[in-house]
Amino acid sequence: MRTQVGIVGAGPAGLLLSHLLHLDGIDSVVIESRSRREIEATIRAGVLEQGTVDLLTASGVGERMGREGFVHKGIYLRFARASHRIDFPSLTGGRAITVYAQHEVIKDLVAARLEAGGQLLFEVKDAAVYDLDTQAPKVRFRQGSKVEELECDFIAGCDGFHGITRPSIPSRVRHEFTRVYPFGWFGILVEAPSSTEELIYAHHERGFALVSTRSPQIQRLYLQCDPDDEVKNWPDRRIWEELHARLETAEGWRLAEGRIFQKSVIAMRSYVVEPMRYGRLFLAGDAAHIVPPTGAKGLNLAAADVRVLSRALARFYGGDEQLLKDYSATALRRVWRAEHFSWWMTSLLHRFHDETPFHHRLQLAELDYVVSSRAKAQTLAENYVGLPLD
């Protein structure tokens with residue numbers, strides 16, 4: 001088998017890269033260890049930055065997102081039993097966010113690739129990459145009972161944090177930066193009407209809480225918990241008691257309850273690998289970096305990575321390889337900005353196990369500054385809706 005760009009991983013990064021390359025007339029083959037049904041059914045959050053929305057729309061895969069997504073023009077910061085709204089358009093020149101789940105983005109991208117005759121190979125096994133420092137890197141994998149070898153001009157590692165591509169970079173040139181947080185998120189999906197028109201980020205003495213939404217009938221709620229906690233320790237009654245305690249306000253706001261049909265514990269960590277290139281292997285998305293979900297940056301960083309990479313590859317095939325040489329440095333500049341913002345939001349809103357009353361007062365002072373200073377609110381808003389892709 002032969003293609004121009006071999007893409008390992010059919011998550012948002014791999015599928016969007018394949019789609020963007022197709023629009024530039026560049027062939028690709030996407031391989032994925034899971035089935036199509038599995039990748040389209042894995043429920044993940046989806047807060048899309050303005051730039052991500054614009055990119056999906058401009059590339060022709062934004063029709064359903066525009067019809068079914070929820071445009072949010074702000075978020076609420078809740079602390080000291082009061083809510084404060086951060087208005088995005090007035091602080092960012094009219095930009096906003098769109099709530100549209102990641103698995104819905106994946107469905108749209110899969111449909112677009114198949115309609116265009118793209119090669120998506122699902123349920124491949126034992127994948128490995130070779131000859132990365134040559135002009136003909138290869139992906140070897142097993143499909144059914146047959147072993148295949150895919151020869152490429154380039155390989156894109158879009159296979160997530162636990163994938164095979166990043167460990168294929170020799171350790172002598174791979175530098176990893178990690179921060180593991182001493183807490184996790186206990187997340188639930190619940191059948192209930194919406195309690196808020198926009199996301200609520202709550203800082204409370206008992207810990208952080210977040211109110212989000214998936215649809216008019218399905219809500220997504222999170223609360224800070226021990227990272228080693230287990231779902232069995234959280235019966236429904238305890239969940240609702242904790243959420244009500246952390247989210248109540250002096251104005252009498254109440255959270256709508258309903259049937260909880262999914263529970264999970266999410267670990268919190270930050271991770272970056274440098275460089276994001278080795279030879280003719282290029283990393284994108286979670287294969288290269290992880291952010292805590294507080295800043296809603298994961299999917300958006302993946303989109304930004306592949307937008308830079310697709311343009312660099314198009315320029316390469318046009319005779320100029322400078323953008324490709326600059327890919328890692330260009331992508332990492334945005335990655336570290338997003339890492340800082342996610343760390344800041346996480347540190348601002350969560351209670352730490354070794355926190356003193358002094359530290360708690362500092363958090364409250366910072367929150368008060370955010371909601372009372374236009375300059376500070378603008379910093380939050382600009383980062384939340386996403387810095388320009390250019």
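Which helices each supply at least two residues of the lining of the second largest pocket? They are α8 and α10 (327–349). Before going on, this is a predicted model: local features need pLDDT of at least 70, side-chain atom pairs count only at pLDDT 80 or more, and totals for chains, interfaces and linings use all residues. Residues are numbered from 1 along each chain as its sequence is written, and side-chain values use heavy atoms, with hydrogens and water left out.

Helices here are DSSP runs of H or I with at least four residues, strands are runs of E with at least two, and both are numbered from the N terminus.

Back to the pocket. A pocket is an open set of points on a 1 Å grid over the protein atoms alone, where a 1.4 Å probe fits, with protein on both sides within 12 Å along at least five of seven lines; lining residues have an atom within 4 Å of a point. The second largest pocket holds about 480 Å³ of space, counted as the space filled by probe spheres set on the points, which are joined across faces, edges and corners. Its lining has 18 residues, and Val308, Thr330, Pro388, Leu389 and Asp390 are the closest to the centre.

Next, the aromatic pairs. Rings of Phe, Tyr and Trp (its six-membered ring) pair if their centres lie within 6.5 Å; planes under 30 degrees apart are stacked, over 60 edge-to-face, and the rest tilted. The whole structure has 17 such pairs. One of them is phenylalanine 154 with tyrosine 317, edge-to-face, at 6.2 Å centre to centre and 85 degrees between the planes. Phenylalanine 154 is in strand β12 (residues 154–157) and tyrosine 317 in helix α8, so this pair ties together parts 163 residues apart in sequence. Phenylalanine 154 is buried at 1% relative accessible area, while tyrosine 317 is partly exposed at 29%. Buried means under 20%, exposed over 50%, and partly exposed in between, with a 1.4 Å probe and protein chains only.

Now threonine 213, in strand β15 (residues 209–213). Threonine 213 is buried, at 10% relative accessibility. Contact means heavy atoms within 4.5 Å; beyond four places in sequence, threonine 213 touches His72, Val99, Ile218, Gln219 and Arg220.

Last, valine 291, in the loop between β20 (289–290) and α8 (298–317). Valine 291 is buried too, at 13%. Outside four places in sequence, its contacts include Arg269, Leu301 and Ser342.
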